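Please examine the entry before reading the solutions.

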Amino acid sequence: MAKLKKKCDERLEHWFEEAMERIKKATGARTQVQLAEVLEVRQSSISDAKRRCSVPSDWFLKLYRSHGLNPNWLSDGQEPVYLNASRGTVSADNLLRETPASYGRTNARGRLVQVSTMTGGSADPNVWAPQAAEDLSIPESFHRPELLVLRVDSAGMEPFIVRGAFVGIDTAQRQHPDGELCAVHFPHQGLLIRRVYYQDGQFVLRAEDKGYADLHVPAAEMAARTLGRVVWVIQSFAPQG
């Protein structure tokens with residue numbers, strides 16, 4: 001009986017997390033404070049609901065009245081998303097791409113993310129800032145909290161990473177293990193993807209294409225110039241004749 005109870009508790013916890021994720025995405029609330037404001041409740045009410053793994057039914061009613069959301073979609077992922085779409089702040093298509101399937105169903109949906117150019121959008125050549133160029137749907141499992149997606153605009157890493165490929169950069173990973181792929185900023189050039197090695201007090205950045213010369217960055221500058229490490233690549237290869 002104890003094992004059965006634990007299994008039921010896990011299912012309830014999973015259901016609660018997915019329902020709350022749908023609520024957050026549909027309302028744009030990212031924190032408990034923001035969510036409490038949307039629901040017009042105290043922040044402690046959010047914590048209580050989480051502890052009980054239970055979403056109060058009046059929350060679903062409030063979200064229908066304020067955002068036109070379908071209580072059945074919020075609770076179990078049953079479409080349609082909206083019962084009154086005129087009150088919605090996020091398109092139903094985007095929500096269906098980004099939110100998880102209900103418990104027990106295969107999640108085949110992706111997540112829509114913005115893709116930046118490698119050159120970035122900062123007016124200061126010494127600073128790199130993302131510049132959104134397009135959107136890309138990626139598998140939910142590819143997403144992480146500090147993900148940046150770039151479209152590669154050079155051939156330096158071919159044939160390993162081809163020009164036009166999409167690369168996911170985890171900006172939380174700023175260490176430099178030898179041989180790992182990192183995105184590093186170079187003033188007036190933007191970001192470059194290179195394999196990084198530490199030698200004699202400096203970092204050597206090496207392209208896959210041997211026609212590109214190695215680049216050297218003093219160790220004291222590397223942390224400030226590293227955006228993060230490459231964690232995945234999405235690309236297509238031209239057939240070989």
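Two exercises with worked solutions follow.

The model is predicted, local features need pLDDT of at least 70, side-chain atom pairs count only at pLDDT 80 or more, and totals for chains, interfaces and linings use all residues. Residues are numbered from 1 along each chain as its sequence is written, and side-chain values use heavy atoms, without hydrogens and water.

**Exercise 1.** Determine which helices line the largest pocket, and classify its lining.

Step 1. A pocket is an open set of points on a 1 Å grid over the protein atoms alone, with protein on both sides within 12 Å along at least five of seven lines; lining residues have an atom within 4 Å of a point.

Step 2. The largest pocket holds about 210 Å³ of space, where a volume is the space filled by probe spheres set on the points, joined across faces, edges and corners.

Step 3. At least two lining residues each come from α1 (2-27), α2 (32-39) and α3 (43-52); helices are DSSP runs (H or I, at least four residues) numbered from the N terminus. The largest share, six residues, belongs to α1.

Step 4. By class, the lining has five nonpolar, one polar and five charged residues. Ala, Val, Leu, Ile, Met, Phe, Trp, Tyr, Cys and Pro count as nonpolar, Asp, Glu, Lys and Arg as charged, and the others, Gly among them, as polar.

**Exercise 2.** State where Leu61 lies and whether Leu61 is buried, partly exposed or exposed.

Step 1. Leu61 belongs to helix α4 (residues 57-67).

Step 2. Leu61 is partly exposed because its relative accessible area is 39%, given that buried means under 20%, exposed over 50% and partly exposed in between (1.4 Å probe, protein chains only).

Terms used. 1 Å grid on protein atoms, 1.4 Å probe; cavity = no way out; pocket = protein on both sides within 12 Å on 5 of 7 lines; lining within 4 Å.
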